[in-house]
Amino acid sequence: MEENNSFSIKNWNEDDRPREKMLLKGRIALSDAELIAILIGSGNRQESAVSLSQRILASVSNNLSELGRRSISELMEFKGIGEAKAICIAAAMELGRRRRTGEALERKKITSSNSVFEYVQPIIGELPHEEFWILYLNNSNKIIKSAQLSKGGITGTVVDVRLAFKEAIQLGAVGIILAHNHPSGTLKPSQADIHLTKKLKTAGDSLDIKVLDHLIITEKAYFSFADENML
């Protein structure tokens, strides 16, 4: 029993644990065997999860495409690979296949305040409550991600500046666009809107992430801080 426990990933040196290695160094740092070891979690009495994964890969000449052709029953021929682990491997291989064959996401390019309005209005333009959204952009002004930062009542919402830029840093965004709706229909920015815009712009400047615009959205129109030279 002690011999078996010694091959459990949780007993390894922290630098050798695939999960911890991914967190510390990123997924690109892991070998194919280490990635498969994360899927199966443990090996058998004679070998660790990584050693077992290396043996599985060796059986297909270290070719992931060939591994993807292996059936559940073929994977279960390896000692330490039961039905559940075999299904995990097969599912991961199928996801990889679908990713390769799927079309790349066409990211919308932001060219003007109007293009922001066209993108955001269907999301928040007709809501009865206020929501604050951020568009994260790459260096080609294409949207990497859009996300709701906060949601409030009819009169307003609260925005956490730290969360806004934490996401921007994680995504590698070089610019952000702010947008929120006014359920009342008024396009005039409040003092709170102006203060928040300045606060976010100052934070962005210190992180070298540009706040490109802030739009107030209603059902049929918008107000742009950039167009009005208020940034």
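In the predicted model, Ile134 is in contact with Lys145, Ser146, Ala147, Leu149, Ala164, Ile176, Ile177 and Leu178, its neighbours within four places in sequence being left aside. Ile134 also belongs to the largest nonpolar core, which has 19 residues. Among those with the most contacts inside this core, Ile134 is listed together with Phe132, Tyr136, Phe165, Ile176, Leu178 and Leu200. Two or more residues are given to the core by each of strand 1 (131–137), strand 2 (143–151), helix 9 (161–171), strand 3 (175–181) and helix 10 (191–207). Helix 9 provides the largest share, four residues. Another core, of 17 residues, lies apart from this one and includes Ala37, Val50, Leu52 and Ile89.

Asp213 is located in strand 4 (residues 210–217). Although buried, Asp213 has no salt bridge; Lys201, the nearest side chain of opposite charge, is 12 Å away. A polar atom of the Asp213 side chain lies 3.2 Å from the backbone nitrogen of Phe225. Beyond its neighbours within four places in sequence, Asp213 is in contact with Ser113, Ile176, Ile177, Leu178, Ser224, Phe225, Ala226 and Leu231. Of these residues, Ile176 and Leu178 are also among those with the most contacts inside the largest nonpolar core.

Two aromatic pairs are found in a search of the whole structure. One of them joins Phe223 and Phe225 in an edge-to-face arrangement, with 5.5 Å from centre to centre and 90 degrees between the planes. Both Phe223 and Phe225 are buried.

Note on methods. Residues are numbered from 1 along each chain as its sequence is written. This is a predicted model: local features need pLDDT of at least 70, side-chain atom pairs count only at pLDDT 80 or more; totals for chains, interfaces and linings use all residues. Side-chain values use heavy atoms; hydrogens and water are left out. Buried means under 20% relative accessible area, exposed over 50%, partly exposed in between (1.4 Å probe, protein chains only). Lys and Arg count as positive and Asp and Glu as negative; His and the chain ends are not counted. A salt bridge is a side-chain nitrogen of Lys or Arg within 4 Å of a carboxyl oxygen of Asp or Glu. A polar contact is a pair of N or O atoms within 3.5 Å; within protein, one must be able to donate a hydrogen and the other to accept it, and residues adjacent in sequence count only if both atoms are side-chain atoms. Contact means heavy atoms within 4.5 Å. Rings of Phe, Tyr and Trp (its six-membered ring) pair if their centres lie within 6.5 Å; planes under 30 degrees apart count as stacked, over 60 as edge-to-face and the rest as tilted. A nonpolar core is a set of buried Ala, Val, Leu, Ile, Met, Phe, Trp, Tyr and Cys residues joined through side-chain atoms within 4.5 Å.
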